[in-house]
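I'm opening my notebook on a new protein today. I'll jot down what I look up as I go.

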Amino acid sequence: MPDILLKRLVVCAVLSLSVVSTGCGAVMSYIEGGPLVRDPSGPTGKIVVDNKSGYTLGAVLLSDCDSSTYGLNRLPSRVGIEDGKTYEFTVSPGCWSIAIGSGTAEVRGKLYVAADQASVYTVN
């Protein structure tokens, strides 16, 4: 009888961990803003951030317009977009929410990206 109880306990523990890890993945996707390319075999477009602000932009947050959060910074670690420079992101077509910051100022907006096209978001 104790062996059966131990087996049930182990099965319950494994199932519990499976549920928790699946939930954590969903939470992380929410926090991060979701993938930039939703279907790796589908069409893509580009978001080009054009910096004409006079400052270096240190954060670009992007998420699908249907998401309730902008997500995390999509720029690589220790990368900023210097004044007069551009940076591009490959994304799935559709509506994107964008928030960009320099450390002292922030701009937010929405941008529509078509397949095989580049949409430019200029920061003045």
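This is a predicted model: local features need pLDDT of at least 70, side-chain atom pairs count only at pLDDT 80 or more; totals for chains, interfaces and linings use all residues.

**Entry 1: getting my bearings**

Reading from the N terminus, I get the order α-β-β-β-β-β-β. Next I looked up burial for the protein: of its 124 residues, 28% are buried. I also checked the accessible surface, which comes to about 7,900 Å², and 60% of that belongs to carbon and sulfur atoms. Then I turned to contacts between residues at least 6 apart in sequence, and 67% of them join residues at least 24 apart.

**Entry 2: strand E1**

Which strands does E1 pair with, and in which sense? I found E3 (residues 86-91) paired with E1 in the antiparallel sense, over six bridges. E6 (residues 118-123) pairs with E1 in the parallel sense, also over six bridges. I picked out a bridge for each pairing. Val 49 has Tyr 87 as its bridge partner in E3, while Ile 47 has Ser 119 as its partner in E6.

Is E1 largely enclosed or largely open? Six of the seven residues in E1 (residues 45-51) are buried, so I'm noting the strand as largely enclosed by the rest of the structure.

**Entry 3: the nonpolar core**

I went looking for the largest nonpolar core and found that it has 17 residues. The ones with the most contacts inside it are Ile 47, Val 49, Val 60, Leu 62, Phe 89, Ile 98 and Ile 100.

I followed up on Val 49, leaving out neighbours within four places in sequence. Its contacts include Val 60, Phe 89, Ile 98 and Ile 100. Tyr 87 is on the contact list of Val 49 as well, and I had already written Tyr 87 down as the bridge partner of Val 49.

**Entry 4: salt bridges**

How many salt bridges does the structure hold? I count four, and I looked at some of them. Arg 38 and Asp 64 meet through their side chains at 3.1 Å, N to O. This pair links distant parts of the chain: Arg 38 sits in the loop between H1 (2-32) and E1, Asp 64 sits in E2, and the two are 26 residues apart. Arg 38 has 39% relative accessibility, so I'm calling it partly exposed.

Another salt bridge joins Lys 52 and Asp 50, with the closest N and O atoms 3.4 Å apart. Is Asp 50 buried or exposed? It has 13% relative accessibility, so it counts as buried.

I also looked at Arg 108 and Glu 106, whose side chains meet at 2.4 Å, N to O. Arg 108 counts as exposed because its relative accessibility is 52%.

**Entry 5: a glycine in a loop**

Last stop: Gly 58, which lies in the loop between E1 and E2 (59-64). Its relative accessibility is 39%, so Gly 58 counts as partly exposed. What does Gly 58 touch, not counting residues up to four places away in sequence? I wrote down Asn 73, Leu 75, Val 79, Gly 101 and Ser 102. I also looked up Glu 82, which is 24 residues from Gly 58 along the chain, and their C-alpha atoms are separated by 8.7 Å.

Definitions and conventions
Residues are numbered from 1 along each chain as its sequence is written. Side-chain values use heavy atoms; hydrogens and water are left out. Buried means under 20% relative accessible area, exposed over 50%, partly exposed in between (1.4 Å probe, protein chains only). Helices (H or I, at least four residues) and strands (E, at least two) are DSSP runs, numbered from the N terminus. Two strands pair if DSSP finds at least two bridges between them. Contact means heavy atoms within 4.5 Å. Accessible areas come from the Shrake-Rupley method with a 1.4 Å probe; for residues, only the protein chains shown count as cover. A nonpolar core is a set of buried Ala, Val, Leu, Ile, Met, Phe, Trp, Tyr and Cys residues joined through side-chain atoms within 4.5 Å.
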